[in-house]
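Grab a pencil and work through these exercises one at a time. Try each task on your own before you read its solution.

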Amino acid sequence: MSRILLILGILFLAWMGYRFLNKTWSTRVKEVEKKARQDSQQQPKAVQQVKSCAYCKVHIPEAEGIYKDKQFFCSYQHLDSYLDHKK
Ligand SMILES: [Zn+2]
């Protein structure tokens with residue numbers, strides 16, 4: 001009789017251990033997935049936007065251009081040229 005109880009106890013402990021590991025594993029997986037999702041959501045912000053120059057229409061990364069009155073320019077020369085043409 002005590003053997004059966006011992007076996008049942010071991011099985012119970014094994015089941016509890018399995019459940020514990022399964023739970024920690026799944027929460028870990030969820031954490032990793034959540035982080036990956038956050039990273040992928042943040043990535044589009046890091047990707048450079050390409051804008052076209054209001055003067056020459058050449059597409060260049062937003063970070064390399066200049067904004068003036070909501071218009072985008074590839075260089076100060078084109079900004080000046082555009083403003084000169086506008087006059
Ligand atoms: Zn330009």
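Helices (H or I, at least four residues) and strands (E, at least two) are DSSP runs, numbered from the N terminus. This is a predicted model, where local features need pLDDT of at least 70, side-chain atom pairs count only at pLDDT 80 or more, and totals for chains, interfaces and linings use all residues. Residues are numbered from 1 along each chain as its sequence is written, and side-chain values use heavy atoms, with hydrogens and water left out.

**Exercise 1. Work out which residues hold the zinc ion and how they are arranged.**

Step 1: List the donors (N, O and S atoms within 2.8 Å of the metal, or 3.2 Å for Na, K and Ca; water is not among the atoms, so sites may look incomplete). The protein gives Cys53 (SG), Cys56 (SG), Cys74 (SG) and His78 (ND1), lying 1.8 to 2.3 Å from the zinc ion.

Step 2: Look at the angles. Four donors count as tetrahedral if all angles lie between 85 and 135 degrees. Here the four donor atoms subtend 93 to 125 degrees, so the arrangement is tetrahedral.

Step 3: Read off the spacing in sequence: C-x2-C-x17-C-x3-H.

Step 4: Check accessibility. Cys56 comes out at 29%, so it counts as partly exposed.

**Exercise 2. Track down the salt bridge in the whole structure.**

Step 1: Recall the idea. Side chains of opposite charge can pair when their charged atoms come close.

Step 2: Search using the cut-off (a side-chain nitrogen of Lys or Arg within 4 Å of a carboxyl oxygen of Asp or Glu). The search turns up one salt bridge: Arg28 pairs with Glu31, and their closest N and O atoms are 3.6 Å apart.

Step 3: Locate the partners. Both are in helix 1 (residues 2-46), three residues apart, or about one turn of the helix. Arg28 has a relative accessible area of 48%, so it is partly exposed.

**Exercise 3. Name the residues of the largest nonpolar core.**

Step 1: Set the rule: a nonpolar core is a set of buried Ala, Val, Leu, Ile, Met, Phe, Trp, Tyr and Cys residues joined through side-chain atoms within 4.5 Å.

Step 2: Apply it. The largest core has six residues: Cys53, Ala54, Ile66, Phe73, Leu79 and Tyr82.

Step 3: Zoom in on Leu79. Leaving aside neighbours within four places in sequence, Leu79 is in contact (heavy atoms within 4.5 Å) with Ile66, Lys68 and Phe73.

Terms used: Buried < 20%, exposed > 50% of the residue type's maximum accessible area, 1.4 Å probe, protein only. Tetrahedral: all angles 85-135°; square planar, octahedral: opposite > 155°, others 65-115°.
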